[in-house]
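I opened the notebook to record a few look-ups in one model. The sequence and structure come first, and my entries follow.

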Amino acid sequence: MQNQSSQPVRVRLFVSGLVQGVGYRYSTMNQAKYFGLSGWVRNLPDGRVEAVFEGDKKAVEGMIDWCRGGPTGATVSELVLEYEDPEGDRTFEIRR
(Lines give C-alpha, C1' and ligand atoms only; values in the text may rest on other atoms or scores of the structure.)
Protein backbone atom coordinates (compact mmCIF):
# COMPACT_ATOMS: atom_id res chain seq x y z
CA MET A 1 0.00 0.00 0.00
CA GLN A 2 3.03 2.29 0.09
CA ASN A 3 3.42 4.96 -2.56
CA GLN A 4 7.12 5.32 -3.38
CA SER A 5 6.68 8.82 -4.85
CA SER A 6 5.56 10.45 -1.60
CA GLN A 7 7.66 11.39 1.40
CA PRO A 8 7.18 9.09 4.38
CA VAL A 9 5.67 10.44 7.59
CA ARG A 10 6.20 9.24 11.15
CA VAL A 11 3.79 9.59 14.05
CA ARG A 12 3.97 8.50 17.70
CA LEU A 13 0.65 7.65 19.38
CA PHE A 14 -0.26 7.29 23.02
CA VAL A 15 -3.52 5.37 23.40
CA SER A 16 -5.46 5.54 26.68
CA GLY A 17 -8.43 3.49 27.87
CA LEU A 18 -8.97 -0.25 28.13
CA VAL A 19 -6.11 -1.07 25.76
CA GLN A 20 -4.01 -3.65 27.64
CA GLY A 21 -5.00 -7.29 27.97
CA VAL A 22 -7.34 -7.09 24.96
CA GLY A 23 -4.94 -7.93 22.11
CA TYR A 24 -4.34 -4.29 21.18
CA ARG A 25 -0.61 -4.70 20.43
CA TYR A 26 -1.04 -7.81 18.27
CA SER A 27 -3.97 -6.31 16.36
CA THR A 28 -1.99 -3.09 15.88
CA MET A 29 0.94 -5.05 14.43
CA ASN A 30 -1.36 -6.88 12.01
CA GLN A 31 -3.05 -3.63 10.90
CA ALA A 32 0.28 -1.85 10.46
CA LYS A 33 1.51 -4.69 8.25
CA TYR A 34 -1.74 -4.53 6.26
CA PHE A 35 -1.15 -0.80 5.68
CA GLY A 36 2.51 -1.43 4.76
CA LEU A 37 3.84 0.57 7.70
CA SER A 38 6.96 0.18 9.77
CA GLY A 39 7.48 1.04 13.45
CA TRP A 40 6.62 -0.60 16.75
CA VAL A 41 4.03 -0.88 19.54
CA ARG A 42 4.38 -1.51 23.29
CA ASN A 43 2.48 -1.43 26.57
CA LEU A 44 3.40 1.32 29.03
CA PRO A 45 3.49 0.82 32.82
CA ASP A 46 0.69 3.41 33.26
CA GLY A 47 -1.81 1.31 31.27
CA ARG A 48 -1.48 3.14 27.95
CA VAL A 49 -0.19 1.74 24.67
CA GLU A 50 2.54 3.60 22.75
CA ALA A 51 3.00 3.06 19.02
CA VAL A 52 5.12 4.53 16.24
CA PHE A 53 4.05 4.29 12.60
CA GLU A 54 6.14 5.28 9.62
CA GLY A 55 5.21 5.17 5.95
CA ASP A 56 2.95 6.68 3.33
CA LYS A 57 0.84 9.56 4.67
CA LYS A 58 -2.52 8.05 3.66
CA ALA A 59 -1.57 4.69 5.19
CA VAL A 60 -0.48 6.38 8.44
CA GLU A 61 -3.78 8.32 8.53
CA GLY A 62 -5.69 5.05 8.03
CA MET A 63 -3.75 3.48 10.88
CA ILE A 64 -4.51 6.43 13.18
CA ASP A 65 -8.21 6.06 12.37
CA TRP A 66 -8.03 2.34 13.20
CA CYS A 67 -6.29 3.09 16.52
CA ARG A 68 -9.18 5.36 17.59
CA GLY A 69 -11.30 2.22 17.92
CA GLY A 70 -8.77 -0.58 18.20
CA PRO A 71 -9.66 -4.25 18.20
CA THR A 72 -12.86 -5.82 19.54
CA GLY A 73 -12.72 -5.65 23.34
CA ALA A 74 -10.73 -2.42 23.50
CA THR A 75 -12.20 0.89 24.65
CA VAL A 76 -10.13 3.89 23.57
CA SER A 77 -10.73 7.00 25.67
CA GLU A 78 -7.93 9.22 24.32
CA LEU A 79 -5.43 9.29 21.46
CA VAL A 80 -2.45 11.68 21.62
CA LEU A 81 -0.38 12.18 18.43
CA GLU A 82 3.15 13.52 18.02
CA TYR A 83 4.58 13.88 14.51
CA GLU A 84 8.31 13.15 14.18
CA ASP A 85 10.97 13.07 11.49
CA PRO A 86 11.02 9.72 9.65
CA GLU A 87 13.85 7.41 10.72
CA GLY A 88 13.69 4.90 7.88
CA ASP A 89 12.36 1.94 9.89
CA ARG A 90 11.88 -1.15 7.71
CA THR A 91 9.89 -3.52 9.93
CA PHE A 92 7.08 -3.45 12.47
CA GLU A 93 7.52 -5.10 15.86
CA ILE A 94 6.00 -5.50 19.28
CA ARG A 95 8.35 -4.15 21.93
CA ARG A 96 8.41 -5.30 25.52
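Ground rules. I am working with a predicted model, in which local features need pLDDT of at least 70 and side-chain atom pairs count only at pLDDT 80 or more, while totals for chains, interfaces and linings use all residues. Residues are numbered from 1 along each chain as its sequence is written, and side-chain values use heavy atoms, with hydrogens and water left out.

Span. I found that UniProt, in an unreviewed entry, places "domain: Acylphosphatase-like" at residues 10-96; the span is 28% helix and 40% strand, helices (H or I, at least four residues) and strands (E, at least two) being DSSP runs.

Asp-56. I located Asp-56 in the loop between strand S3 (49-55) and helix H2 (57-69), where Asp-56 is buried and its side chain has no salt bridge (a side-chain nitrogen of Lys or Arg within 4 Å of a carboxyl oxygen of Asp or Glu). The Asp-56 side chain does reach the backbone nitrogen of Lys-58, at 3.2 Å.

Val-80. I placed Val-80 in strand S4, and its C-alpha atom is separated by 6.6 Å from that of Val-15, 65 residues apart along the chain.

How values were computed
Buried means under 20% relative accessible area, exposed over 50%, partly exposed in between (1.4 Å probe, protein chains only). Lys and Arg count as positive and Asp and Glu as negative; His and the chain ends are not counted. A polar contact is a pair of N or O atoms within 3.5 Å; within protein, one must be able to donate a hydrogen and the other to accept it, and residues adjacent in sequence count only if both atoms are side-chain atoms. UniProt positions are given in the numbering used here, feature names are shortened, and annotations may be inferred rather than shown by experiment.
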